[in-house]
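Subject: The model, and what turned up in it

Hi,

Here is the structure we talked about.

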Amino acid sequence: MIDFNHVTKDYDENNALDDVSVHIDDGEFIFIVGPSGAGKSTFIKLILREVSPTKGSIVVNGKTVNELSNREIPEYRRGLGIVFQDCRLLPKKTIYENIAFAMEALHKTPKQIKRQVPLVLSIVGISDKADRYPEELSGGEQQRAAIARALVNVPSILIADEPTGNLDPETANGIMKLLEEINNRVTTVVMVTHAKDIVDKMNKRVIVIDDGRIVSDKKGKYDHVEVMQNA
């Protein structure tokens with residue numbers, strides 16, 4: 001569960017978000033769309049507690065995020081998974097080692113790692129790539145590895161920031177099917193994208209942010225064409 005309650009975020013004189021209120025239920029699949037500079041990245045950074053709101057409050061999984069101490073933030077983030085457009089895999093580690101590293105960072109035991117890593121590799125469909133290095137994988141396979149890394153610690157919320165931005169349409173469709181399968185496992189998915197074709201095809205809830213405000217919040221196609229064309 002994610003709740004934004006009258007959230008405003010200012011950067012000096014720049015108003016990134018302006019009095020935003022939104023509720024996201026457990027298990028929802030949400031698209032966050034809008035032009036560049038609209039406030040989408042700030043929306044994600046606030047969920048991750050990379051920044052704090054100037055006004056208002058944010059509640060995620062029952063925790064008031066803006067009231068967390070610096071010591072509490074790492075533990076809070078363990079309930080979140082994030083996938084970026086550029087994958088950010090460690091080039092000198094195999095795919096298995098990349099995913100295991102995410103568990104090692106949380107002091108998981110070798111036994112837990114040995115059990116969990118093959119499981120998530122199987123979920124994302126690249127079990128046969130475990131011993132390969134990132135440069136040996138296609139763009140789509142690298143993104144699947146990044147998703148596996150985000151899933152390995154069993155987050156309740158998966159944040160996907162333009163995960164198909166560098167992929168061809170066929171590969172992008174495969175990634176979207178994977179994200180939908182993950183969502184069907186009762187993981188909340190919040191995805192930022194500029195890809196109108198993907199949004200329209202998925203028929204999920206779409207939150208449109210423009211100039212720091214939510215201008216539309218409904219299920220279905222992204223019909224704010226004038227906003228998308230300015231993206």
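Let's start with a turn: β1 and β2 form a hairpin with two residues between them, and D12 in that turn has a positive phi of about 55°. The labels come from DSSP runs, numbered from the N terminus: helices are H or I of at least four residues, and strands are E of at least two.

Before going on, some housekeeping. This is a predicted model, where local features need pLDDT of at least 70 and side-chain atom pairs count only at pLDDT 80 or more, while totals for chains, interfaces and linings use all residues. Residues are numbered from 1 along each chain as its sequence is written, and side-chain values use heavy atoms, with hydrogens and water left out.

β1 and β2 pair in the antiparallel sense over seven bridges (two strands pair if DSSP finds at least two bridges between them). On its other partner, β1 (residues 2-11) is joined by five bridges to β4 (residues 55-60), again antiparallel.

Put together, four strands make an open antiparallel sheet in the order β2-β1-β4-β5. β2 (14-24) and β5 (63-64) are at the edges with a single partner strand each, so one side of each has no neighbour in the sheet. Helix α1 (residues 40-48) packs on this sheet and touches β1, β2 and β4, with its direction at about 115° to that of β1. For such angles, axes are lines fitted to C-alpha atoms, for helices over the stretch in contact, and the angles run from 0 to 180 degrees between N-to-C directions.

How much of α1 is covered? Seven of its nine residues are buried, including F43, I44 and L46. Buried means under 20% relative accessible area, exposed over 50%, and partly exposed in between (1.4 Å probe, protein chains only).

**The six-stranded sheet**

There is also an open sheet of six strands, ordered β6-β7-β8-β3-β9-β10, with mixed pairing. β6 and β10 (213-219) are its edge strands, each pairing on one side only. Ignoring direction, neighbouring strands here are turned by 15° against each other on average.

Look at β8 in particular. Four bridges pair it in the parallel sense with β3 (residues 29-33), and five bridges join it to β7 (residues 157-161), also parallel. If you want to find these on screen, I30 has V190 as its bridge partner in β8, and I157 has T188. Five of the five residues of β8 are buried, so the strand is largely enclosed by the rest of the structure. Both faces are covered: T188, V190 and V192 are buried on one side, V189 and M191 on the other. In a regular strand the side chains alternate between the two faces of the sheet.

**The cores**

Which residues have the most contacts inside the largest nonpolar core? They are F31, I147 and L179, in a core of 44 residues. A nonpolar core here is a set of buried Ala, Val, Leu, Ile, Met, Phe, Trp, Tyr and Cys residues joined through side-chain atoms within 4.5 Å. Apart from that core lies another of 29 residues, among them F4, A38, F43 and V192.

I147 lies in helix α5 and counts as buried because its relative accessible area is 0%. Leaving out residues up to four places away in sequence, I147 touches V83, V124, I175, L178, L179 and I182, where contact means heavy atoms within 4.5 Å. α5 itself lies across β6 and β7, at about 165° to β6.

**The largest pocket**

Last one: the largest pocket holds about 570 Å³ of space. It is lined by 19 residues, and R77, L80, G81, I82 and A102 are the closest to its centre. β6 gives the most to the lining, with four residues. On a 1 Å grid over the protein atoms alone, a pocket is an open set of points with protein on both sides within 12 Å along at least five of seven lines, unlike a cavity, where a 1.4 Å probe fits but cannot get out; lining residues have an atom within 4 Å of a point. Points are joined across faces, edges and corners, and the volume is the space filled by probe spheres set on them.

Happy clicking!
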